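The following paragraphs lead the reader through a predicted model, with the criterion for each term given where the term is used. Please keep the sequence and the coordinates at hand while reading.

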Amino acid sequence: MIGCGIDIGSRTTKLVLYDADKQEMITSAITDSRLDKEESVVNLLDQALKKLNYTKKNIIKVITTGYGRELIPFADENITEITCHARGVYHLLPKTRTVIEIGGQDSKIIHLDATGRVRDFAMNDRCAAGTGRFLEAVARLLEIEINEMGPLAMESKKPANISSMCVVFAESEIIGLLSRKVSRSDIITGVNKAIATRFMGLAGRNLTEPITFTGGVALLPGMASALEEACGKGINIAPYPQFTGALGAAILAVEK
Amino acid sequence: MTEYTDPQPAKISLAEWNKLYGKIPKEMLNQYKYIREIPGASKSYVNKLSEYFHTGDKRLVSLKYDNSLAALRLWNFLLTEEERLADWRKAGKKLFGVMKDLGTIPVMVYSSKKGVAFYPDGAWWTPCFKELEDELFQIADSEGVGDDACPVRATLGAFINQKHFPIPDLCIAGVGSCCNDFSAIMQLIAGLGHKFLWWELPYRKDLKSWYRRGDFIKLPNGELCPASLVSFMEQQLARIKRGIEAETGEQITDQMLNQGIKKANRLRRIVHKLRELAYGTIPIPAAALEMLICEMIVIHFCSDSEEAIRALEHFLETVEKRVSAKQGILPGNPFRVTWVNPVADLRMMNLLEELGGCVAGTEYLFSHALDLIPEDIEPIKALAYMVLSDQMIGSAEYRARRVIAEARKYKAEGVVISRIPGASHCASEGHIIADIIKKEIDMPVLDITVPSLIDAGMTGLKTRIQTFFEILAHRRNTETH
């Protein structure tokens, strides 16, 4: 029995096929989110099915999630990304009690009960600060690719102080730091630290361990350690952090 | 008179109301009049809702409405308030703009035969109704009151452009234990040269250790209050009464105040019954939006205390019929939530229902105005009790207690705290209330911010509410099994 989960995020669209009998993800695919969500989802699904030599008949149910979850007419159901990330992370790391998810457009803190269900959550989608989009803006300012940020952060000796978490104001602050010859690695670490501190404001003081970090931003080396420093607790990075939402949707597709 | 029967209860669009409106006999519509006490000024007011859309209330096209005649009357009563105020003035009544106090000062004003009370800060909904085309926020911006302040800043804009409500003959403004934004906004309005009578709302303290001397009084809402504060409040209200008398030239006797209190209680009893039925019956007989209007009318009578009673009685009759016939306006078994704070965008109440929820209990900041005013004590003392019962002048813990009581009473499954962007009392109060609820009754709480127009943030709001309902669904399943 195959379940299909599709996470239509603000930056990327992810697809996962999950085999309920094997209890594992059998394939995944990712593409940039485009204006025509349906077309890109159809292409992604065709690719995934072709890879496995499957047809749509093999899929018992399609569940969409993410910000574009309502835009796919052929989906059987849509479930929020909060519930789906929780389910996906619980499948991968069942002891998790807190999920930190930082995506392209928003960030979330999700509290799970012992059965992996969402107990409570908080979400920031009011400003770009502390999201993947903010990191993209920083990368652009530093004239580097976003995937270069992690390795560069590792070279930092003294993190810069970034006081403003507004994308617009942080931009002028970073320009000021660059003109004072502050290294890019120190700026990146400073940005990571500022994002982590801001995120803890959303999360509150009582984070129950184990904590799992997921979402596209979890792929950036240095961010998890910045979060660990901010909350004073250990943080695991989810396997396939970009795919936990789609995985959760795929699992819920077979469970429902 | 030709008979008219409401169709099966449903929520309908503005366009659907237009069609339905044509089926209602004209003579039936014409019987609903405001300002009936002055025959020359009396006016039929139940129009097609689309007429308000065409004169600028653009938001109406995005809302879904109860399809009963009583609901149509209710909406029209709400939407004609500014027109009615102008008509009252023409008829020789003095207009009193009541600020900050929620529900008590209008009882005093309506005890006079020559005064009409209204809340100019009701203008905080104008940017929503007009979808920001009224430019009230822009005017407030230009006066230095930007979007980091509560949407009641629209009131400042309305006093400046004078295109909305008539300027009151006297503004009766409560300060002291009041949110900072509103204090500043009232001060700016007074600075424009309008006539103000200021009074002070004391912070309600009930900790006996703070007041080793003196007695405590149990207020109608069950909270304790030092007797010294009641005496202080009585003096304040006596001063306000003198202010109203000076403006109208008419003395307000205790007998008149007692009559005013009785009338207010009559209205409150109707709303009590409505709440019992709407929040306590399945299938749900009345939708959240119409119930919000009903509750709001309690504080200000929508500038016509007599017609307010008639319009609410009409709606109650409709809801009672639905309950008897086991007819609901919402399908299925919606998730029951107690709602905290009124919403800046009325569309939000529709959205809650569209996503599968319903309102089961409220705390709209003025729930003390739903309590009955004591009729067996001196009227000024009774009104002092009501002022001191105000949810806004105690700590957030008072509000949390009231929310918990509502949630328990109406068997809510969760609580939604809807924050008003920029409102200083909302900035962190929501977290405190949420923590108390979670700790005391282990109930899920959703904290959301609802701006004057939710369209731009709709995706995020939907995600929050849908996730909240996914949590509630899981709890339902767990409890069932």
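Cys294(B) counts as buried because its relative accessibility is 0%, where buried means under 20% relative accessible area, exposed over 50% and partly exposed in between, with a 1.4 Å probe and protein chains only. Cys225(B) is likewise buried, at 0% relative accessibility.

Residues are numbered from 1 along each chain as its sequence is written, chains are lettered from A and ligands numbered from 1 in the order in which they are written, and side-chain values use heavy atoms, with hydrogens and water left out.

In chain A, five strands form an open sheet of mixed pairing, in the order 3-2-1-4-5. Strands (E, at least two residues) and helices (H or I, at least four) are DSSP runs numbered from the N terminus, and two strands pair if DSSP finds at least two bridges between them. Strands of a sheet pair through backbone hydrogen bonds, either parallel or antiparallel. Strand 3 (24–32) and strand 5 (77–78) of chain A are at the edges; each has a single partner strand, so one side of each is left without a neighbour in the sheet.

Strand 4 of chain A is mostly covered, with six of its seven residues buried. Strand 1 (residues 2–8) of chain A runs parallel to strand 4 of chain A, and six bridges join them; Asp7(A) has Thr65(A) as its bridge partner in strand 4. Strand 4 (residues 59–65) also pairs with strand 5 of chain A in the parallel sense, over two bridges. There, Ile63(A) stands opposite Glu77(A), and Thr64(A) stands opposite Asn78(A).

Helix 2 (residues 81–92) of chain A has 12 residues and reaches 16 Å from its first C-alpha to its last, close to the 16 Å expected at 1.5 Å a residue; the expected span is 1.5 Å times one less than the number of residues. Nine of the 12 residues of helix 2 are buried, among them Cys84(A), His85(A) and Arg87(A). In helix 3 (residues 132–141) of chain A, the buried residues include Phe134(A), Leu135(A) and Val138(A). Just after helix 3, Glu143(A) takes a positive phi of about 55°.

The structure also holds one cavity of 30 Å³ or more. On a 1 Å grid over the protein atoms alone, a cavity is a set of points where a 1.4 Å probe fits but cannot get out, a pocket is an open set with protein on both sides within 12 Å along at least five of seven lines, and lining residues have an atom within 4 Å of a point. Grid points are joined across faces, edges and corners, and a volume is the space filled by probe spheres set on the points. The largest cavity has a volume of about 30 Å³, and its lining includes Asp120(A), Phe121(A), Val445(B) and Phe468(B). Strand 8 of chain A gives the largest share of that lining, three residues.

The second largest pocket holds about 910 Å³ of space. Of its 38 lining residues, the closest to its centre are Asp121(B), Gly122(B), Ala123(B), Trp124(B) and Trp125(B).

Technical notes:
Predicted model: local features only at pLDDT ≥ 70, side-chain atom pairs only at ≥ 80, totals over all residues.
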